[in-house]
There are 2 protein chains.
Amino acid sequence: MKMSELSERSGTTVATLKYYLREGLVPAGESLGATRADYSEMHLQRVRLVRALIDAGVSVAQSKRVVETLDSPPTSRHDLLGKAQYALPASHPDVAVSAEVTDLVAGLGWQVSPDSPALRSLTGAIAAARSAGVPLEPESLTGYARATEGIAAVDVAAVPRDDLAAALHRVVAGTVLVDPVLAALRRLAQEHVSSGAT
Amino acid sequence: MKMSELSERSGTTVATLKYYLREGLVPAGESLGATRADYSEMHLQRVRLVRALIDAGVSVAQSKRVVETLDSPPTSRHDLLGKAQYALPASHPDVAVSAEVTDLVAGLGWQVSPDSPALRSLTGAIAAARSAGVPLEPESLTGYARATEGIAAVDVAAVPRDDLAAALHRVVAGTVLVDPVLAALRRLAQEHVSSGAT
DNA sequence: TCTTCATGGATAGTCACACTACCCACGGCC
DNA sequence: GGCCGTGGGTAGTGTGACTATCCATGAAGA
């Protein structure tokens with residue numbers, strides 16, 4: 001398809017598409033001479049992914065890291081999570097993992113790499129909440145953790161079995177884009193639970 | 001305390017504090033004449049809350065709505081959730097609630113107001129994820145919803161019983177600031193679950 | 001063939017946001 | 001009496017995400 005069609009179908013202006021191309025968020029189309037290029041369904045998908053990431057609050061620079069990862073698929077299923085974790089935008093990337101977090105994970109019996117960026121994110125997020133007057137007792141954290149096991153079970157079940165590239169796409173895009181879904185569900189569940197209904 | 005002390009203890013420059021005061025994010029201190037004012041522990045708490053919200057990605061304008069809500073506490077426990085939902089920053093505030101979301105909530109047996117902003121956020125978040133190639137099957141959504149019930153149970157259990165103002169603070173701040181904690185836990189749980197350990 | 005128009009490629013401009021810097025006048029405080 | 005911290009105000013800064021304009025080219029319709 002032509003750029004104008006890519007623009008229409010993705011709901012993105014041509015100027016913005018050019019910007020994404022410049023920034024490397026979307027690969028160049030197949031050149032058909034100096035003044036024409038052909039874009040495929042893959043390009044359309046990519047533009048939609050980039051738009052969804054940016055609308056979800058991910059910066060252009062972080063989005064670039066994400067899509068670059070998608071362009072170099074993992075060699076094995078075992079690589080999947082590692083590649084995804086490394087590509088995903090992480091908050092508080094430079095705090096030191098607290099002993100509390102280490103103990104929490106150990107107490108849960110979770111098998112996670114001590115280098116996982118999520119450990120740093122968790123440490124930072126807990127500190128931020130507490131500094132704002134949200135106590136976050138250890139038993140609350142344990143309760144939250146048990147609930148996220150259920151979330152992760154759904155996540156893992158939804159990953160395609162055979163196609164590694166599709167699996168990586170699902171893990172990376174799903175991790176970022178399902179967070180807002182979970183946040184909304186959490187608010188609804190709060191309303192339900194606090195209404196006292198069974 | 002003096003403004004300089006408030007600045008030190010909150011880790012915020014005097015210039016930024018003045019900015020927050022101007023924008024109404026922090027109430028003025030008690031005036032001690034024309035060139036001096038006294039700030040209390042409440043002001044320090046408020047500054048830390050504002051900083052945490054802004055660091056979490058909430059805009060200044062939205063943060064103002066949040067803290068304004070805290071300044072007019074609810075008259076009853078019943079008001080709590082309503083006031084909080086109304087004050088909290090919501091994504092996709094102007095989409096129409098989809099039938100799928102209505103059916104999902106009904107199928108779960110959840111009691112929620114049909115006007116809840118979270119229904120709109122959920123509709124928008126699902127649409128955003130799908131447009132980026134994350135399918136989100138109905139059974140996945142149901143699974144996520146069941147897991148968020150556990151999260152909400154922890155949330156509700158952590159709300160102070162007697163002090164309504166403290167309860168509102170906890171609900172509002174907790175809802176926004178615990179989201180990143182849950183996101184980090186989710187990533188760790190993914191790693192654990194996908195490792196195949198029981 | 002002539003004209004129109006979309007494209008690639010590049011540069012510069014815009015807009016919102018969250019500060020940040022500077023200024024002034026005043027009034028405690030040593 | 002001099003100096004610093006403050007309230008109050010205005011203006012400037014840096015970043016991020018576009019957005020607008022320009023130009024040369026070449027495809028496609030009249």
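A polar contact here is a pair of N or O atoms within 3.5 Å; within protein, one must be able to donate a hydrogen and the other to accept it, and residues adjacent in sequence count only if both atoms are side-chain atoms. Keep in mind that this is a predicted model: local features need pLDDT of at least 70, side-chain atom pairs count only at pLDDT 80 or more, and totals for chains, interfaces and linings use all residues. Residues are numbered from 1 along each chain as its sequence is written, chains are lettered from A and ligands numbered from 1 in the order in which they are written, and side-chain values use heavy atoms, with hydrogens and water left out.

**DNA strand C**

| Protein atom | Atom of DNA strand C | Distance |
|---|---|---|
| M3(A), backbone N or O | phosphate oxygen | 3.1 Å |
| Y39(A), polar side-chain atom | phosphate oxygen | 3.0 Å |
| R22(B), polar side-chain atom | base oxygen | 3.3 Å |

Zooming out, 18 residues surround DNA strand C, with M3(A), S4(A), K18(A), A37(A) and Y39(A) the closest; near means that a heavy atom of the residue lies within 4 Å of the strand.

With five residues, α2(B) has the largest share. Helices are DSSP runs (H or I, at least four residues), numbered from the N terminus.

By class, the surface near DNA strand C comes out as nine nonpolar, five polar and four charged residues. In this scheme Ala, Val, Leu, Ile, Met, Phe, Trp, Tyr, Cys and Pro are nonpolar, Asp, Glu, Lys and Arg are charged, and the others, Gly among them, are polar.

**The two domains of chain A**

Chain A splits into domain 1 (1-57) and domain 2 (72-198), with bounds from an automatic or database domain assignment. Their C-alpha centres sit 31 Å apart. Each domain of chain A puts four residues into the contact (heavy atoms within 4.5 Å).

The buried area between them is about 320 Å², 88% of it from carbon and sulfur atoms; that is accessible area (1.4 Å probe) lost on putting the two parts together, summed over both. L49(A), L53(A) and A56(A) supply 77% of what domain 1 buries against domain 2, more than any other three residues. On the domain 1 side, the touching residues are four nonpolar, no polar and no charged.

Terms used: Helices (H or I, at least four residues) and strands (E, at least two) are DSSP runs, numbered from the N terminus.
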